[in-house]
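Let's take a look at how this chain is held together on the inside. Have the picture open while you read, and find each residue as it comes up.

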Amino acid sequence: MKNKVIFVAWIAPMLFLSSCTKETQYSCNKEIDLWTKNNMDEITTMSRSKFLDYDKEYQQAVFMAFSPEQRKQIWIDKINEVLSLNWTNEERTHIKQLPIILNDYQKLFRENRSEEEKDRFDVVMYKWVDHAKESLGWADVLINAIIVNPNKLLDKKGVVSVGKKIGTESIRSIKTRGEGTAEGPDCNCSQSSGGFIWKDCIDNYGEGGCGISYDCKSYWIGCGAFKLSDCDGMCMGMGPTD
């Protein structure tokens, strides 16, 4: 009986999460979704350097619109860029495992992926993260900057670049737009599928937590390591205060 109560307590909040995975819908923010649809010709050939021009919300929509091959290539290019920093031989060897893992599990970038394969991937990445922390002494912020955040890693402290462009406007201009442009916030972190391992809610301002949001829109991909985990929560307690 106790097990049944625990199960119901765990699953009940998830029933409040609504899904925003309709065909051709890339974001529950209507403006972002419309911008994505209007720029599909550019997106289908978009380079990583162009992808990094955009802020996190637009990157999420573009990532959803990417082909599976583009999704993987974003990370292959990221890892090659990471390797350009001044690592020790042991660190470099560890980082070089990542493209191999990406190639071994490239089917996970497709929507009709196997949950069993995703589970195997989570185990592999858990071991990779564990070695990075226990043997190499890496902090969570650096691990996040390598395998969770697609933006450019600027140093070995885990500082990453930040995209400033939103559509064709500056990042600040979103605050001047009228209300009623979104159906609800997009979920931006993973509570399940190893979200506690990948720590989505870390940025240059610090670390927050991934909490339950009863009105955020969930996605099957876009969070966690290489954005391969589902997004089913909202980051809290992070970002600039202004």
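Start in the middle: the largest nonpolar core has 57 residues, and L98, W128, W138, I146, I147 and F226 are the ones that touch the most other members. A nonpolar core here is a set of buried Ala, Val, Leu, Ile, Met, Phe, Trp, Tyr and Cys residues joined through side-chain atoms within 4.5 Å. Buried means under 20% relative accessible area, exposed means over 50%, and partly exposed is in between (1.4 Å probe, protein chains only).

The largest share, six residues, is supplied by α5. Those labels are DSSP runs numbered from the N terminus: helices are H or I with at least four residues, strands are E with at least two.

A quick word on what you're looking at: this is a predicted model, where local features need pLDDT of at least 70 and side-chain atom pairs count only at pLDDT 80 or more, while totals for chains, interfaces and linings use all residues. Residues are numbered from 1 along each chain as its sequence is written, and side-chain values use heavy atoms, with hydrogens and water left out.

Now for the cysteines. A disulfide is a covalent bond between the sulfur atoms of two cysteines; the cut-off used here is a pair of cysteine sulfur atoms within 2.5 Å. The structure holds four disulfides, including these:

| Pair | S to S distance | S-S torsion |
|---|---|---|
| C187 and C216 | 2.0 Å | about 85° |
| C189 and C210 | 2.0 Å | about 85° |
| C201 and C235 | 2.2 Å | -85° |

Take C187 and C216: the torsion about their S-S bond is about 85°, so this disulfide is right-handed. The pair links distant parts of the chain, 29 residues apart, with C187 in the loop between β3 (169-170) and α11 (195-198) and C216 in the loop between β6 (209-211) and β7 (217-223). Both of these cysteines are buried.

The C189 and C210 link is right-handed because its torsion is about 85°. It connects the loop between β3 and α11, where C189 sits, to C210 in strand β6, 21 residues apart. Is each end buried or partly exposed? C189 is buried at 0% relative accessible area, whereas C210 has 29% relative accessibility and so counts as partly exposed.

With -85° about the S-S bond, the C201 and C235 link is left-handed. C201 lies in the loop between α11 and β4 (202-203) and C235 in strand β9 (residues 234-236), so the pair ties together parts 34 residues apart in sequence. C201 and C235 are both buried.
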